[in-house]
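Trainee: Please show me the structure, and then I will ask about it piece by piece.

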Amino acid sequence: MVGIEGMGITPVRANNTEQASSRTQKAASTTLSSTDGVLFSTEAEKAAEVVRFTDMASEQQQELRQERIEEAQRKIEESTYKVQSVIQFVAARLTKYVAE
């Protein structure tokens with residue numbers, strides 16, 4: 001017997017090729033005449049929308065990050081880049097030695 005179970009083609013004996021080919025042609029013609037379509041579930045549509053929003057947010061975040069990097073580079077080159085927390089940390093450490 002030749003055939004694939006569950007594929008809409010009934011198994012036939014291998015020596016009866018003429019009958020097998022006519023059955024295959026009939027099955028193929030019925031498949032082609034039906035209209036194909038794709039339906040997405042609402043969950044899939046919502047997931048796709050979330051992906052679109054996260055892509056947009058990622059692009060915007062990348063642009064903002066690039067702007068901040070350029071600003072930091074400019075401030076470092078101009079020697080105006082100061083981080084308040086670092087200044088406070090160093091000052092706290094220095095006061096230990098100055099107070100003694």
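The questions below go from confidence and fold to surface and charge.

Mentor: This is a predicted model, in which local features need pLDDT of at least 70 and side-chain atom pairs count only at pLDDT 80 or more, while totals for chains, interfaces and linings use all residues. Residues are numbered from 1 along each chain as its sequence is written, and side-chain values use heavy atoms, with hydrogens and water left out.

Trainee: Which element of the chain has the highest mean pLDDT?

Mentor: pLDDT is the predictor's confidence in each residue, from 0 to 100. The chain has a mean of 75, and 64% of its residues reach 70 or more. Among the elements, helix α1 (residues 17–33) has the lowest mean, 57. The highest, 88, belongs to helix α2 (residues 42–77).

Trainee: What pattern does the chain follow along the sequence?

Mentor: Helices (H or I, at least four residues) and strands (E, at least two) are DSSP runs, numbered from the N terminus. The chain has three helices and zero strands. Read along the sequence, the pattern is α-α-α.

Trainee: How many of the 100 residues count as buried, in percent?

Mentor: Buried means under 20% relative accessible area, exposed over 50%, and partly exposed in between (1.4 Å probe, protein chains only). The chain exposes about 9,600 Å², with 55% of it supplied by carbon and sulfur atoms. Of the 100 residues, the share that counts as buried is 4%.

Trainee: Which helix gives the most to the nonpolar patch?

Mentor: Patches are made of residues with over 30% relative accessible area and no salt bridge; like charges are joined within 9 Å, and nonpolar side chains (Val, Leu, Ile, Met, Phe, Trp, Tyr) within 5 Å. I76, Y81, V83, V86, F89, V90, L94 and V98 make a nonpolar surface patch of about 760 Å². I76 lies in helix α2. The most, five residues, comes from helix α3 (residues 84–99).

Trainee: Why does I76 count as exposed?

Mentor: I76 is one of the residues of the nonpolar patch. I76 counts as exposed because its relative accessibility is 54%.

Trainee: Which residues gather in the patch of negative charge?

Mentor: Asp and Glu count as negative, Lys and Arg as positive, and His and the chain ends are not counted. D55, one of the patch residues, is found in helix α2 and counts as partly exposed because its relative accessibility is 43%. The residues of the patch are D55, E59, E63, E67 and E70.

Trainee: Which residue forms a salt bridge with E78?

Mentor: A salt bridge is a side-chain nitrogen of Lys or Arg within 4 Å of a carboxyl oxygen of Asp or Glu. The whole structure holds two. One joins E71 and K75 at 3.3 Å, N to O, both in helix α2 and four residues apart, about one turn of the helix. With the closest N and O atoms 3.3 Å apart, the partner of E78 is R74.

Definitions and conventions: Areas by Shrake-Rupley, 256 points an atom, 1.4 Å probe, with all protein chains shown as cover. Charge placed at Lys NZ, Arg CZ, Asp CG, Glu CD.
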